[in-house]
Amino acid sequence: MKTKQIAQRRLVSFLAPLLLCVAGCGNPILRDAWITEPNPVTEGPLVDPVTDTTPPGLPGGRATDQASAAGTTAIIKFSADEGGTFYYVTTPEGAGAPTAEAIQTGGANGTAAAGINTISLEGLEPGAGYTVYIVLADAAGNFSAVLDIPVSPRRTGDNPAKDRAEQIEAALITAGEITLTAPRAGGGSAQVGITLGEDGRITIVIDGSAKEYPYIIDGDTIIVAGGGSDGGDAELGFAIGDDGTLTLVGLDELADGDLAGGPVVSDPNPHLTPPPASILGVTALSFDGAVYGDAQPEAKPITITNSGTGAAAISAVALSGDGKDAFTLGGSGDAVAAGSSIATRTVQPVAGLAVGSYTATITVSYDGGAAATATL
């Protein structure tokens with residue numbers, strides 16, 4: 001939190017006795033009059049300007065709640081170190097980064113508070129990636145550096161490693177603080193708390209001393225940016241247990257901890273649940289052009305692949321999008337074993353379509369909330 005130096009306004013007051021003689025009365029009447037004014041020699045102007053040239057900070061942010069490639073909404077969580085007005089723009093993935101001035105003049109805006117703030121995005125193109133650029137202005141008109149936050153579809157099945165990391169991250173964030181007792185390198189132990197925040201920052205507390213760092217999850221490793229003892233990154237290997245515990249390896253890499261190496265098991269956390277082991281993907285489909293009035297095109301199989309380590313139970317297969325009524329679904333098949341595929345469900349254009357092109361999205365829902373999609 002930055003400190004603002006504000007010049008104090010000092011007031012000079014004095015009592016001016018006024019003696020008024022009332023006709024016909026021999027006693028004077030004493031009245032008090034208070035006058036407030038600056039001393040032009042010693043006090044300067046009535047109100048001095050605020051001295052604040054320190055830019056506000058945007059420590060981190062991440063996108064949440066874009067559930068699948070078919071999703072058209074997303075939630076952005078970002079942290080600010082002080083209140084002010086934030087400005088943001090959303091651009092297609094890969095587009096050039098705008099300047100702070102362009103974000104301020106051409107973007108939407110809102111009021112930020114110190115701490116975590118939320119932006120709701122709507123009208124996103126299904127399956128498309130975006131980048132949100134945010135800048136914060138404080139009350140004195142200072143601007144933060146630009147914060148960029150990628151927004152990509154979640155659990156699409158196209159990138160199993162990414163899907164798995166997103167599932168694990170969601171489980172760790174939901175758990176809140178995870179506590180453990182870690183041995184120190186020189187003997188004794190330390191109480192450690194680890195919390196993954198919605199804004200893409202991890203809070204690490206060692207014996208009451210808290211520090212925050214940006215983080216990413218790569219496979220079964222939490223990479224703590226700048227959190228290493230040498231000023232570099234710290235890599236914490238982890239595994240989530242069925243009993244709500246988290247096993248961590250690499251705590252000795254953390255800065256200022258003097259912790260010993262080796263695996264450490266956390267206290268059980270009732271909110272920490274391993275994510276499902278299944279990850280489904282759906283192969284995109286297309287039909288060759290047909291001549292109007294000819295026979296209806298043949299049905300094609302929908303290939304559903306499980307690249308995870310556990311079986312998947314399919315709860316529904318549905319069509320969405322502007323062209324959904326141009327196709328019909330068929331077949332059956334509700335289970336996909338780990339490392340295998342099924343092609344027992346089908347899709348087919350309906351008969352009698354008018355001249356034109358038709359596009360829809362196939363969504364396969366499974367395991368109580370997960371989904372995989374493909375373009376048709």
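Is R345 buried or exposed at 16% relative accessibility? R345 counts as buried at that value. Buried stands for under 20% relative accessible area, exposed for over 50%, and partly exposed for the range in between (1.4 Å probe, protein chains only).

The structure described here is a predicted model, in which local features need pLDDT of at least 70, side-chain atom pairs count only at pLDDT 80 or more, and totals for chains, interfaces and linings use all residues. Residues are numbered from 1 along each chain as its sequence is written, and side-chain values use heavy atoms, with hydrogens and water left out.

Strands and their pairing come next. Strands (E, at least two residues) and helices (H or I, at least four residues) are DSSP runs, numbered from the N terminus. Two strands count as paired if DSSP finds at least two bridges between them.

Strand β4 covers residues 74-80. Seven antiparallel bridges join β4 to β7. Within the sheet, I76 stands opposite I119 in β7.

A second open sheet has four strands, in the order β22-β20-β24-β25. Here too the pairing is antiparallel. The edge strands are β22 (335-336) and β25 (370-375). Each pairs with a single strand, so one of its sides has no neighbour in the sheet. Strand β20 (residues 312-320) and strand β24 (residues 361-366) are joined in the antiparallel sense over six bridges. V317 faces its opposite residue, V364, in β24.

Strand β11 (residues 189-196) pairs with β12 in the antiparallel sense over five bridges. L196 stands opposite I202 in β12. β11 and β12 form a hairpin with four residues between them. In that turn, G200 has a positive phi of about 80°.

The pairing of β12 with β13 is also antiparallel and runs over six bridges. I202 stands opposite Y213 in β13. β12 and β13 form a hairpin with two residues between them. D207 has a positive phi of about 50°, although it is not a glycine. The relative accessible area of D207 is 43%, and D207 is partly exposed.

A salt bridge is a side-chain nitrogen of Lys or Arg within 4 Å of a carboxyl oxygen of Asp or Glu. The structure holds five salt bridges. One of them joins the side chains of R184 and D207, at 2.7 Å from N to O. R184 lies in the loop between β10 (178-183) and β11, and D207 in the loop between β12 and β13, so the pair ties together parts that are 23 residues apart in sequence. R184 is partly exposed, with a relative accessible area of 23%.

The side chains of E212 and R201 also meet in a salt bridge, at 3.2 Å from N to O. This pair links distant parts of the chain, with E212 in strand β13 and R201 in strand β12, 11 residues apart. E212 is partly exposed, with a relative accessible area of 45%. R201, in contrast, is buried at 13%.

R345 returns in a salt bridge with D334, again between side chains, at 2.7 Å from N to O. R345 lies in strand β23 (residues 341-349) and D334 in the loop between β21 (327-331) and β22, so the contact ties together parts 11 residues apart in sequence. D334 is partly exposed, with a relative accessible area of 44%, whereas R345 is buried at 16%.
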